Amino acid sequence: MIYLKTDEEIELLRENCILVSQTLAEVGRHIRPGVTTKELDKIAEDFIRSHGAIPPQIGYEGYPAATCISVNEQVVHGIPTEKTVIKEGDIVSVDLCTLMKGFVGDSAYTFAVGEVPEEVRNLLKVTKEALYKGTAQAKAGNRVGDISAAVQEYAESFGYGVVRELEGHGLGRKMHEDPGVPNYGARGRGPLLKEGMVICIEPMVTMGNKAVVFERDGWTVRTRDRKPAAHYEFAVAIRKNGPDVLTDFSIIEQAIEQVNMVS
Ligand code: MF3
Ligand code: CO
């Protein structure tokens, strides 16, 4: 069942998505060698709560933290721990949600820690661009498959792998609503996009093979070949005049630029 949102509901989703962007920026400011993913999770949780929202990932199907933090070969759903210490050259994907005024915001961003090999930087760049290619297809009259195909074709044209086992989703009063939004597929297939739909597009792209394994902690997904993977996610409303991106990556990018300038 796909729930179409009113303009008012879309604004409440936008408020959440902006808070998610601000939270990702706050986490990004603290990502540096020596910090643990548990400390980063605490920063996110405190920030979310101090802005009048709650972190709905806590307790979601038993998930134990406010954020998912996935380092290097971890693709998504990494559980923050005291033992996971960030080091120079890592890539760190942070995925988090807020719940406020009855609606959920959801976004993910992959951060580079200091000097990262150029081929890994390129993986981040291309994954973010794949998200933008998919977003350009998020308009009324298109189908979900138009988004999926755009993401897949762009990422694969660089020789990267597109993870099949996880996908984007509708967003609203619940973190996960219909429709599913795969990162691979065929143009002209899948559910029709209609005005008032809000979806999360979230490419998960691997530097090597696309195959993943699910770790025994019940959550963490990593690449089988242990090569790095990137993950960017944001929320888009389907409007009369085309895609309306509810998330604001520029908040995150300004924050990390400032950190890089002072350090
Ligand atoms: N925020 C994630 C998403 O993009 C959901 C994480 S699952 C959880 O869909 F259990 F950690 F919440
Ligand atoms: Co999501």
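Strand β3 includes M100, strands being DSSP runs of E of at least two residues and helices runs of H or I of at least four, both numbered from the N terminus. The model is a predicted one, in which local features need pLDDT of at least 70 and side-chain atom pairs count only at pLDDT 80 or more, whereas totals for chains, interfaces and linings use all residues. Residues are numbered from 1 along each chain as its sequence is written, chains are lettered from A and ligands numbered from 1 in the order in which they are written, and side-chain values use heavy atoms, with hydrogens and water left out.

M100 counts as buried, at 13% relative accessibility; buried denotes under 20% relative accessible area, exposed over 50%, and partly exposed the range in between, computed with a 1.4 Å probe on protein chains only. A polar contact of 2.8 Å joins the side chain of T98 to the side chain of N16. Such a contact is a pair of N or O atoms within 3.5 Å; within protein, one atom must be able to donate a hydrogen and the other to accept it, and residues adjacent in sequence count only if both atoms are side-chain atoms.

V221, in strand β11, is buried as well, with a relative accessible area of 0%. V221 and M197 are separated by 24 residues in sequence, and their C-alpha atoms by 28 Å in space.

Ligand 1 has 14 residues around it, of which Q57, D95, D106, H176 and E233 come nearest; a residue is taken as near a molecule if one of its heavy atoms lies within 4 Å of it. For Q57, a polar side-chain atom is placed 2.9 Å from a nitrogen atom of ligand 1. In the side chain of D106, an N or O atom is 3.1 Å from a nitrogen atom of the ligand.

The space taken by ligand 1 is the second largest pocket. A pocket is defined on a 1 Å grid over the protein atoms alone, as an open set of points with protein on both sides within 12 Å along at least five of seven lines. A molecule sits in a pocket if more than half of its atoms lie within 2 Å of the grid points.

In total, 17 salt bridges are present, each defined by a side-chain nitrogen of Lys or Arg within 4 Å of a carboxyl oxygen of Asp or Glu. One of them joins R173 and E9, with an N to O distance of 4.0 Å. This pair links distant parts of the chain, 164 residues apart: R173 belongs to the loop between β6 (168-170) and β7 (177-181), and E9 to helix α1 (residues 7-30). E9 is partly exposed, at 21% relative accessibility.

K42 pairs with D46, the closest N and O atoms being 2.6 Å apart; both residues lie in helix α2 (residues 37-50), with a spacing of 4 residues, about one turn of the helix. D46 has a relative accessible area of 38% and is partly exposed. The E45 and R49 side chains form a salt bridge at 2.9 Å, N to O, again 4 residues apart in helix α2. E45 is partly exposed at 21%, and R49 is partly exposed at 43%. Elsewhere, a network of salt bridges links D7, E11, R14, R239 and D244.

Several backbone features were also noted. The peptide bond between D178 and P179 is cis, with omega near 0°, and P179 lies in strand β7. H77, a residue other than glycine, has a positive phi near 60°. H77 occupies the loop between β2 (74-76) and β3 (91-100) and is partly exposed, with a relative accessible area of 23%. R226, not a glycine, has a positive phi of about 60°; R226 lies in the loop between β11 (221-223) and β12 (229-231).

Technical notes:
On a 1 Å grid over the protein atoms alone, a cavity is a set of points where a 1.4 Å probe fits but cannot get out, and a pocket is an open set with protein on both sides within 12 Å along at least five of seven lines; lining residues have an atom within 4 Å of a point.
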